[in-house]
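Here is a note for a colleague who is opening this model for the first time. Please keep the sequence and the structure side by side while reading.

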Amino acid sequence: ETPAKIRQMRRLARQGDGSLRQKAEIFYRQGKFMEDYEDDVSWEGEFRHYFPTYQDLSVRQLRGYFAWRTEIRQGNYRKISTSLAYIYLYELLNGIGAASVGESLRRMKEFEENYIDTGIGDQSMQPNLRRWMLEMAILNGVEPEIAREYADPEMLAKDKALAVLHNPEVYETQEVFKALDIFSGQKLSASVVSKKHESEGSALFAAVWRTAVTRCREQGRDLFKECFGRPRVYRWYPLANAVFFNNSSSDSAYYVLDECRKYRLQAGEWWEKAFHKLYFNKAKLDGLLREADRRLRKYFNTGYFLKARSETAWATPYIDAVIAAEQKRKAEAARPKVSIRLADLDKIRQDARETMDSLLSEEEKQVLAEETAGQKTGQALEQEAAGFAEKPALKSEIAAGWENTNSGNAGSNHAAQADRLNLDETEHQILSLLLADKPAKTLLAEKRILPEIIADRLNEAFFDEIGDTVIMCEADTIALVPEYRAEINRIIGGTKE
């Protein structure tokens with residue numbers, strides 16, 4: 001049985017050129033016509049279609065969709081074919097079933113939280129939904145503070161991090177460290193420096209970036225641009241991958257989402273200005289941060305030292321400058337503080353004169369005046385008193401040889417280090433084979449373990465201890481990184497080479 005409302009809706013379709021724009025216009029008109037329609041005949045079949053609309057559904061599927069939509073609007077979320085769920089989002093993008101743009105955005109956010117985040121619906125819908133909510137907000141000029149509530153949090157975090165790193169001197173130390181950590185892939189927060197010396201370590205990492213940026217500017221270079229490039233302008237196609245009928249008559253607009261992302265509508269065409277990771281020089285930033293991690297490990301004598309790399313030597317002067325400044329700061333802080341108030345000395349001298357005068361006879365006063373004739377003036381006495389009051393500065397001794405590794409205590413901690421790795425028997429056997437320069441392929445085959453899996457597991461286990469990749473996997477063959485062989489041998493309890 002076909003309800004009269006559905007029959008009337010189908011008559012709204014007309015023949016045309018079959019373009020996506022015409023398809024979107026028919027969908028918009030039919031959607032508005034069916035905006036308040038409700039049904040109670042459910043349907044649980046499977047339906048797959050790109051850019052689905054009402055025209056692509058049979059009467060049975062249409063009734064099932066509208067019955068599902070009726071429950072969604074009442075807050076009862078149950079699963080339906082993903083293509084049909086997309087029709088519901090298309091309706092909200094076109095303002096069908098919502099009185100305002102703000103209500104459409106709220107309903108889409110509720111759908112994300114109650115249908116996708118709960119696992120009822122397909123998780124693959126989330127990237128599209130996040131993109132559409134932001135694009136809809138921009139197209140309708142929603143306040144940027146509100147629009148950011150619906151945008152992809154990861155995108156916003158990276159934009160904020162770029163703004164911080166571009167002008168690190170105007171942001172708090174922890175904000176600079178967090179920004180660096182975002183673009184390092186959380187390697188800085190995972191470093192032994194950050195774990196053992198949390199606040200001090202993060203402050204020094206931030207100081208390295210600030211110092212490097214400042215000194216590069218003095219040299220006529222822009223380190224930020226060398227690492228992240230400059231904002232690029234590209235054509236922007238909002239809601240291009242959705243069924244959306246744009247009936248707006250506006251042909252010009254300007255929208256600033258945040259410090260690093262701006263949009264402009266000019267002559268009916270949208271443009272986006274933003275930083276794009278395609279132009280990021282990841283090796284440049286990674287080199288600076290790895291060298292900072294390496295030298296700070298030595299400064300704090302944390303152990304698990306990293307190998308020096310010639311390609312990151314350019315960063316060494318900036319890092320050494322930060323370490324030298326930190327050593328000087330600590331030395332200054334260790335000196336005792338002596339404060340002399342000259343006004344108090346004047347008062348003491350005045351009181352002493354008055355007391356002495358009161359105790360002397362006229363004859364004694366005359367003798368004293370003759371003895372003190374020609375002595376220093378009051379100003380000279382003050383200078384002498386101030387010089388006397390100064391205490392010799394305590395000499396600060398800065399520990400020498402911080403570049404040397406603390407290998408003396410490493411031997412006693414081999415067993416404890418190996419235990420922390422949580423390696424199973426098979427992983428120990430594989431390491432033993434690799435250390436003995438024997439192939440592990442036969443053992444892997446017997447245990448039915450993929451080389452890539454065991455390489456990832458061992459690299460993860462040794463990351464906190466060494467801080468770098470220690471196992472290579474190429475052409476289904478695993479091998480030790482030669483420069484870490486001795487360190488691995490010591491950690492698992494072997495002997496030095």
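The points below take up the basis of the model, one glutamate and some aromatic pairs.

1. This is a predicted model, in which local features need pLDDT of at least 70 and side-chain atom pairs count only at pLDDT 80 or more, while totals for chains, interfaces and linings use all residues. Residues are numbered from 1 along each chain as its sequence is written, and side-chain values use heavy atoms, with hydrogens and water left out.

2. Glu 35 sits in the loop between helix H2 (20-33) and helix H3 (59-73), helices being DSSP runs of H or I with at least four residues. Its relative accessible area is 18%, so Glu 35 is buried (under 20%; exposed is over 50% and partly exposed in between, with a 1.4 Å probe and protein chains only).

3. Leaving aside neighbours within four places in sequence, Glu 35 is in contact (heavy atoms within 4.5 Å) with residues including Arg 69, Arg 73 and Gly 97. The side chain of Glu 35 reaches the backbone nitrogen of Gly 97 at 2.7 Å.

4. The structure holds 24 aromatic pairs, where rings of Phe, Tyr and Trp (its six-membered ring) pair if their centres lie within 6.5 Å, and planes under 30 degrees apart count as stacked, over 60 as edge-to-face and the rest as tilted. For Phe 27 and Tyr 54 the ring centres are 4.8 Å apart and the planes at 20°, so this pair is stacked. Phe 27 counts as buried at 0% relative accessibility, and Tyr 54 counts as buried at 0% as well.

Conventions: Helices (H or I, at least four residues) and strands (E, at least two) are DSSP runs, numbered from the N terminus. A polar contact is a pair of N or O atoms within 3.5 Å; within protein, one must be able to donate a hydrogen and the other to accept it, and residues adjacent in sequence count only if both atoms are side-chain atoms.
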